[in-house]
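Open the model in your viewer and keep the selection tool ready. The stops below go one by one.

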Amino acid sequence: MQIRDYILRRLMVLPLLIIGTSIIVFVLTRVGGSPIGIYLSHEMGPEQVQQIRERFHLDDPLPVQYFYWAQGVLSGDFGWSGVSAAPVTAVFPSKLAATMELAIASGIVAVVLGIWMGTVAGARRNKWPDHVIRVVSIAGASLPLFWFAIVLLIVFWVHLGWFPIGRSDPVIFDSIAHPTGFYTIDALIALSPRAFWDAIWHLILPAIALGYGATAIVARMMRSSLVEELQEDYVEAARAKGLPERLVLKRHARRNALIPTVTVIGLTFGFLLQGTVVAEIIFRWPGLGRWMADAVLRGDQATIMAYVMFASILFLFVNLVVDVVYAYLDRRVVLGE
Amino acid sequence: MLTNLEEHDAIVRAPDVIASVRDLKIHFRGKRGMVHAVDGISFDIRDGETLGLVGETGCGKSVTARAFLRLVQTPPGVYAGGSITFRPRRVCDDCSGVGCRECDGTGRVAAHCPACGGKGCRTCGGTGEETVDLLSIPDAQMRALRGNRIAMIFQDPGKALNPGLTVRDQISEVFLQHRTAEILAAAGVSPNDVLLRRQASQKSRAFEKMLLAVPPLRSGRNRVDAALDTMVADALAQTQIPNPRKVMDRYPHELSGGMRQRVMIAQALACNPDLLIADEPTTALDVTVQARILELIRELQQRHKTAVLYISHDLSLVRRVCDRVMVMYAGRVAETATSQQLFRRPTHPYTRGLLGALPGRGAHRGRLAAIDGTVPELVDPPAACRFVGRCPDEVAACSRTDPPMVEIEPEHAAACFVHAPPGKAAATRPVRTP
């Protein structure tokens with residue numbers, strides 16, 4: 001009940017957030033001048049150019065143009081994507097699915113592996129597993145993604161040939177239906193092990209490249225908060241009750257150590273989303289990030305606007321989830337205060 | 001262990017001794033050398049008595065207490081020598097723990113020596129009772145004693161209770177670790193039911209919990225949970241918590257300090273331990289609550305005839321609560337006596353200093369007495385009395401050798417060349433020194 005109220009209250013901020021960010025981004029995309037270039041071609045004469053200007057209301061003042069855009073959005077029309085030469089709404093869902101598949105895969109890698117590494121390191125502080133994990137995670141937090149991704153690409157695709165790039169083998173991809181757009185899930189629905197394996201095989205390299213940095217951050221946070229929790233009196237009290245070390249660690253210390261880690265995981269998701277742009281370009285992943293990069297380079301305003309709207313809404317939801325999980329873990333937190 | 005027992009024949013002659021510490025040494029590896037936190041102390045805890053352990057901060061009293069549960073972190077701690085022999089009891093067969101004439105109302109009887117089954121042999125020194133050396137038994141055996149035969153109440157209940165678990169979760173853990181058979185019997189579940197037995201001993205893994213949440217198995221799980229709830233509620237009710245069933249669902253932060261300490265006490269006494277270690281149990285509480293908590297510990301102790309090792313730096317509390325007192329200074333025993341003897345005839349200059357520092361009726365307003373100087377560094381200490389430098393009555397011998405414990409009157413001994421000179425009384429028997 002209380003949690004539901006809190007979620008509703010937080011969601012009420014959503015419209016304001018969307019209006020605010022859309023105005024800012026709309027203005028920013030215009031700093032570089034008119035977006036008309038994306039719609040033009042060499043064969044067009046002056047009349048045709050004028051037609052385009054009228055079609056996209058480019059002669060009106062900027063606030064009026066914004067209202068045209070907003071009106072379109074409210075009726076489900078996000079405009080014409082010059083990069084894809086198609087309406088934004090036609091291209092967006094499949095790109096979104098591709099990006100989310102990659103982000104979620106690397107997010108799962110980061111959370112599961114990061115918490116595990118942090119627990120192992122924190123529980124065996126200053127012993128060799130801790131030292132190994134420290135080196136691995138410092139490397140993860142300091143290697144730039146673009147460099148690490150290219151190294152993976154060169155080693156595992158160019159030289160060893162163990163992993164492919166791109167998102168799928170087109171023949172296998174076309175052999176199954178795509179009701180959700182998530183290749184792995186579609187493969188499971190179609191009961192096609194061949195497609196599922198193809199999906200996983202393509203996911204591995206980009207997910208590792210993208211997830212490594214986040215894993216490192218989560219692991220380091222988990223380690224330090226676990227070390228801190230293990231010093232607490234209640235850990236000694238748990239031992240004094242006769243609990244085996246496994247339960248002292250898992251049931252008592254780790255649970256409380258997760259509290260600060262969850263906050264970091266929430267922030268890491270933004271980091272992941274940002275990383276998809278680089279990872280998608282390097283691994284030729286047909287997702288939002290690469291689409292967005294093209295759009296920015298070519299001044300495709302409709303595409304940029306759609307992406308930013310999506311990103312800000314997603315961020316709000318992730319933060320909401322983090323807050324709710326936080327309140328679940330730390331009983332002293334009262335939501336909404 | 002065998003040789004230890006032969007050496008320390010005291011335990012055979014005095015069967016009412018529940019635990020006996022001999023020449024215990026606990027050191028800590030520090031940057032500048034070995035810190036001798038506890039440096040060769042010996043004492044006995046008798047069945048059902050309250051032994052006070054007094055001394056200022058850093059004198060080794062908490063470390064001594066933790067050694068009973070082997071909770072000193074190693075490293076940096078090192079158990080450098082000595083032994084702690086302990087005679088665990090078991091639940092009385094005749095009354096199954098309720099208390100009857102057979103067990104003198106305690107609900108516990110001595111556990112049989114595993115080597116001879118109670119007939120008396122060399123291992124148990126002819127008593128037929130099980131004796132274990134807490135410092136040398138395997139970890140699993142130690143864990144079986146923790147919270148079960150030896151329990152501990154911590155100083156600050158706000159920190160010693162896990163903020164993320166309910167009172168029910170925390171108290172039930174004690175039963176889950178030590179009373180699996182009883183839980184299953186109360187729930188009417190066969191002890192051969194593997195899934196439920198694992199649940200009732202906190203061994204279930206995630207997939208087992210999922211299995212137990214599905215209907216055909218769920219009823220069994222619910223019965224075990226209900227039995228456990230009853231046990232937890234009974235434990236809480238013992239500490240006079242009003243409405244135990246409601247308190248069970250609370251988190252520690254929702255309770256007051258006094259209530260938290262009651263929960264802590266309920267948790268410690270849940271399995272009717274033989275020895276309760278109370279590490280300054282009222283220091284973190286309001287003065288008004290302190291008295292009630294002390295009263296509660298005292299009452300529960302008398303009802304169950306539990307031996308209590310009561311650690312405190314507050315002499316006025318110790319006087320009210322304890323049968324006997326042991327004063328520690330810098331890792332050594334300075335003086336042991338009954339409470340009356342200690343306050344009537346304090347012998348060691350350190351004890352006198354402590355008593356003098358108590359603001360009494362005769363003291364002038366605005367002037368508080370203190371012992372000059374601070375506790376010495378315990379890094380590789382020389383063979384000398386530890387109180388040298390702060391002692392008002394110091395003589396040359398004090399800085400040359402360690403004073404041995406010398407009996408002044410029955411039950412009363414002190415380690416001081418000046419006030420308890422060795423060889424003065426014919427009956428003096430130096431207690432073992434290293």
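Select chain B. Of its contacts (heavy atoms within 4.5 Å) with a separation of 6 or more, 65% join residues 24 or more positions apart. This is a predicted model: local features need pLDDT of at least 70, side-chain atom pairs count only at pLDDT 80 or more, and totals for chains, interfaces and linings use all residues. Residues are numbered from 1 along each chain as its sequence is written, chains are lettered from A and ligands numbered from 1 in the order in which they are written, and side-chain values use heavy atoms, with hydrogens and water left out.

Stay on chain B and colour by secondary structure. There are 16 helices and 14 strands. These are DSSP runs, numbered from the N terminus: H or I of at least four residues for helices, E of at least two for strands. Chain B has 434 residues, and 52% of them count as buried. Buried means under 20% relative accessible area, exposed over 50%, partly exposed in between (1.4 Å probe, protein chains only).

Next, the aromatic rings. The whole structure holds 15 aromatic pairs over all chains. Rings of Phe, Tyr and Trp (its six-membered ring) pair if their centres lie within 6.5 Å; planes under 30 degrees apart are stacked, over 60 edge-to-face, the rest tilted.

Select B:Y329 and B:F387. They pair edge-to-face, 5.0 Å centre to centre, with 85° between the planes. B:Y329 is in strand β11 (residues 324–329) and B:F387 in the loop between α16 (349–356) and β13 (406–409), so the pair ties together parts 58 residues apart in sequence. Buried or exposed, where does B:F387 stand? At 2% relative accessibility, B:F387 is buried.

B:Y350 is buried, at 0% relative accessibility.

Now pick B:R319. It lies over the face of B:F343, 4.2 Å from the ring centre. The test: NZ of Lys or CZ of Arg within 6 Å of the ring centre and within 35 degrees of the ring normal.

Move to chain A. A:R255 lies over the face of A:Y328, 5.7 Å from the ring centre. Then select A:F26, A:Y66, A:F67 and A:W69: they form one aromatic cluster.

Last stop: A:D186, in helix α9 (residues 183–189). Among the residues that A:D186 touches are A:H178, A:P179 and A:T180.

Notes. Lists of a residue's contacts leave out its neighbours within four places in sequence.
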